[in-house]
Structures are given as C-alpha cells and as structure tokens.
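Here are my notes on the model you sent. They are in numbered points, so please read them with the structure open.

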Amino acid sequence: MTTPAGAGPGRPFTGRRAPNTGPRESRDQTRTKGFEVASNSEILALSHALTIARTPGVPARPNPRVGAVVLDDVGAVVGVGYHRGAGSAHAEVDALVSAGDRARGATVVVSLEPCNHTGRTPPCAQALIDAGVRRVVFAQGDPNPVAAGGAATLAAAGIEVEGGVLADEAALINEEWTFAMQERRPFVTWKLATTLDGRSAAADGTSQWITGPAARADVHRLRARCDAVLVGTGTIAADDPRLTVRDPDDVPLARDEQPLRVVMGTRDLDSQAKVFDDTADTTVLATHDPKHALSTLFTRHRQHVWLEGGPTLAAAFLRDGLVDAVVAYVAPAFLGAGRHAVADLGVTSIDEIRRFELVEATRVGGDVRLILRRETAMTRGAG
Ligand code: AOF
Ligand code: ZN
C-alpha cells in the first residue's frame, strides 16, 4: 500500500496549511520591552520543542500535543518535557520537573502558550512563576478560551514573554484541535468511495466493493485518526455498516480507542443493527441539521468528524459549507446507473459549482485516493 507524503504518524493527513494561530492582539500584548525577538538559541530550542511535542504514541486528542525546553542563561538545554495526553502533566510542568533547581532564572520555550486555568492539572503560568523562571518564549497562542491568558499572567508577574514564534508550525501539530477550538465545532472530513462516473452503489443497491482491499485498509487507518464517525440513518438501513476501526485481519481496536459512532437523522433504526453492537460507543442525533449535529458533538469534546455518508447527508454538509476536507477513493470502474456519491446540491449553473482544492493524489492499490481541502480565498486566486 502506498503511504502518502504528509500522512505518516504524527502528521495530520488532511493538512498542509497552518490554521490561524489566535487573535493577533494576544501576540502583540505578550511582547515585553527590551526583548523584541527570540534569540537563535531560543528558536532552535523551539523547533526542538515542536519535535518533542510530536513524540510518537502521544494521542492527538482530546488534548493538544505540546513540547517544552528549558534553557539556562547561556542558552544550554537544562530541561525538556512534553505532554503525554489528557490527565498527565502539561509540557511546561514536565520540563520544569526535568530542570529541577536549574529552572530558577531560566528561559522556558514551549510550543503552546502556557495555560492559565485549573483543568485536569493546575495552571502552568503559575507553575512557571513559582519556579522563578525569567523568560518564556512560546509558539502558538492558546486558542482554547478556557485555558488562554497565561501570557498576560506571566507578564503581570514580571516575566519576559515572547509569543508567536514558529506559531504556524506549532498550530499544524494540532491542526484539528486548533480548528475546533477556534471554530467551536469539529473539523469535518468527508470520505467517499466512488466509480469514475460518481456512483457509490449499483442499481440494485449493492456497494461491496467498489474499491479494493488496500483502499479499504487505508480507510480504517484514517478513520482511526478521527474521534467520531458520522453517518445518516439511511446508511444504517441500506448498508448496516459496523463503522469501527479494524486491522487488516478484521480485528477491531479496543473499545476505548474506537471513534464514537454517530448516526444522525430521524428515521427509525433496527436495534439489531451492527452499529449498536458493543465494539464501540454509538450515539444517535435525531436531527437533519449538520450545524446542530456538529455543535452537539463539539460539546461532547469531538474535534474531528469522519463523515461517511450517505449521499443525502454528504449533500447537507456540502450545502451548508461544513465539509473541511474530502478523502475520495476513486475506482477505475464504471456503473452507469445506481446511487450517486452525493445527492442534489441545489446547483443549477456552473458558476455555483462546489469546488475544492486538490491537495494530494495517491495510488492506493488499484484505486486512486484524492485529498481535497476547502477552497480558501488564497487558493481561489491562485489558479
Ligand atoms: C495540554 N498539554 O502541555 C498544555 C496544555 O484541562 P486540561 O488540564 O486537560 O488542560 C487542557 C488545556 O490546557 C488544553 O486544551 C490547552 O488549551 C492547555 N494547554 N494542554 O493538554 C499541555 N500546555
Ligand atoms: Zn498547562
């Protein structure tokens, strides 16, 4: 199977471009007098912190991946730390522990603005103040309103603070988390498998299999990176899918590692449907409104929805502009009749076409996988 560039462990497969990295004012506010820019050793330490943040095996959700480095006054590394997942120490605290007494008077370089809140752990801003650090350099401003404000707290305590250094690179480490925090809804990736003539089932409704085994294994790999798999009630009735993440031998991941299965719509469901088995958690959202479904999922701490269909649900999301990325598996095959991959979008004229930006085209077994992103003002002008 082809492993695409940009889809290796630790990199969001959907992304190339950094999302916005928080309000501009918060960056300017955090700059204190006398130190206009980060030094070379700080920038080097920051890129080290970004690498540590991506330590393999660290979960990408629900918390961001964060790395930190402690430098003494000649720029030598005296401590490193990273966050290992919700409930464990934040990166700054992990690095302070590793530096011990050498943290006093030191510079702490961290990939995310230190938090200001008591969540699962106490506020890092206070921990940095208590440790007696002299200076803090961070990359991404914290887009999470619950935790933000650490830079101002540090500055008020007399600590030099520099923010926004390598901010775009840092935001890419936690792309979907950043998006969800900023937009107050999960990032949506729509997955479809289609023939060249845009069909996802034959005239009699059969759809297994349009794409080959490599593409199907790829779906499971990418599905595992999301925290919710969303389908409409129509898909449950038509296909009775399991919607779990399974390995190539069809063995499912442990239940607590499975994305939440979400069925939306108001049609009655058979309680014996496979989606209600105990391989993974399942929730039913009795709504047809994509916006409503996404805001409900956001309140349930979902940050990345994998939208699997069917055509009516996909059309509803497309019409509302709520598809952020598309993963399309295209089989070199034709059906000529049968269910379309997407239902009516209300487009009657070519100037209303729903166009995306093509990010990647990769051969996967005997099929092609296209990765598309929402078109932005920047890419529209680029031609
Ligand atoms: C992390 N790791 O290294 C930093 C974080 O409620 P909590 O304790 O889980 O805090 C989570 C929030 O804290 C997170 O959304 C982010 O805004 C902030 N900083 N979080 O998980 C870290 N520095
Ligand atoms: Zn923190």
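1. Glycine 310 sits in the loop between strand 10 (304-309) and helix 11 (311-319). A cis peptide bond, with omega about 0°, links glycine 309 to glycine 310. Helices and strands here are DSSP runs, numbered from the N terminus: H or I of at least four residues for helices, E of at least two for strands. Proline 62 belongs to the loop between helix 2 (40-53) and strand 1.

2. This is a predicted model, in which local features need pLDDT of at least 70, side-chain atom pairs count only at pLDDT 80 or more, and totals for chains, interfaces and linings use all residues. Residues are numbered from 1 along each chain as its sequence is written, while chains are lettered from A and ligands numbered from 1 in the order in which they are written.

3. Most residues other than glycine have a negative phi, and most peptide bonds are trans. Which value does phi of histidine 301 take? It is near 65°, a positive value. Histidine 301 lies in the loop between helix 10 (290-299) and strand 10. Histidine 301 counts as partly exposed because it has 14 C-beta neighbours inside 10 Å. The cut-offs: 20 or more other C-beta atoms within 10 Å of a residue's own make it buried, 12 or fewer make it exposed, and partly exposed is in between, with C-beta atoms placed from the backbone.

4. Aspartate 250 also deserves a look. Its phi is near 75°, again positive in a residue other than glycine. Aspartate 250 is in the loop between helix 9 and strand 8. Is aspartate 250 buried or exposed? It is exposed, because 9 other C-beta atoms lie within 10 Å.

5. Now the overall picture. The chain holds 12 helices and 13 strands. Of its 383 residues, 44% count as buried. Among contacts with a separation of 6 or more, 73% come from residues 24 or more positions apart. A contact means two C-beta atoms, placed from the backbone, within 7 Å.

6. One open sheet has eight strands in the order 9-8-7-10-6-11-13-12, with mixed pairing. Strand 9 (282-285) and strand 12 (356-364) are at its edges with a single partner strand each, so one side of each has no neighbour in the sheet. Strands count as paired when DSSP finds at least two bridges between them.

7. Strand 8 (residues 260-264) joins strand 9 through four bridges, in parallel. Arginine 261 has threonine 282 as its bridge partner, and valine 262 stands opposite threonine 283. Strand 7 (residues 228-232) pairs with strand 8 in the parallel sense over five bridges. There, leucine 230 is partnered by valine 262. Four of the five residues of strand 8 are buried, so this strand is largely enclosed by the rest of the structure.

8. Strand 4 (residues 135-140) has six of its six residues buried, so it too is largely enclosed by the rest of the structure. Strand 3 pairs with strand 4 in the parallel sense over five bridges. Leucine 112 has glutamine 140 as its bridge partner. On the other pairing, three bridges join strand 4 to strand 5 (residues 160-162), also parallel. Valine 136 faces valine 161 there.

9. How many residues of helix 3 (residues 91-99) are buried? Seven of the nine, so helix 3 is largely enclosed by the rest of the structure. The buried residues pack against strand 1 (67-71), strand 2 (77-82), strand 3 (107-112) and helix 4 (124-130). Just after helix 3, glycine 100 has a positive phi of about 60°.

10. Last, the ligand. The shell around ligand 1 has 17 residues, of which Asn63, Val66, His83, Gly119 and Ala147 come nearest. A residue is near if its C-beta atom, placed from the backbone, lies within 6 Å. The shell divides into eight nonpolar, six polar and three charged residues. Here Ala, Val, Leu, Ile, Met, Phe, Trp, Tyr, Cys and Pro are nonpolar, Asp, Glu, Lys and Arg charged, and the others, Gly among them, polar.
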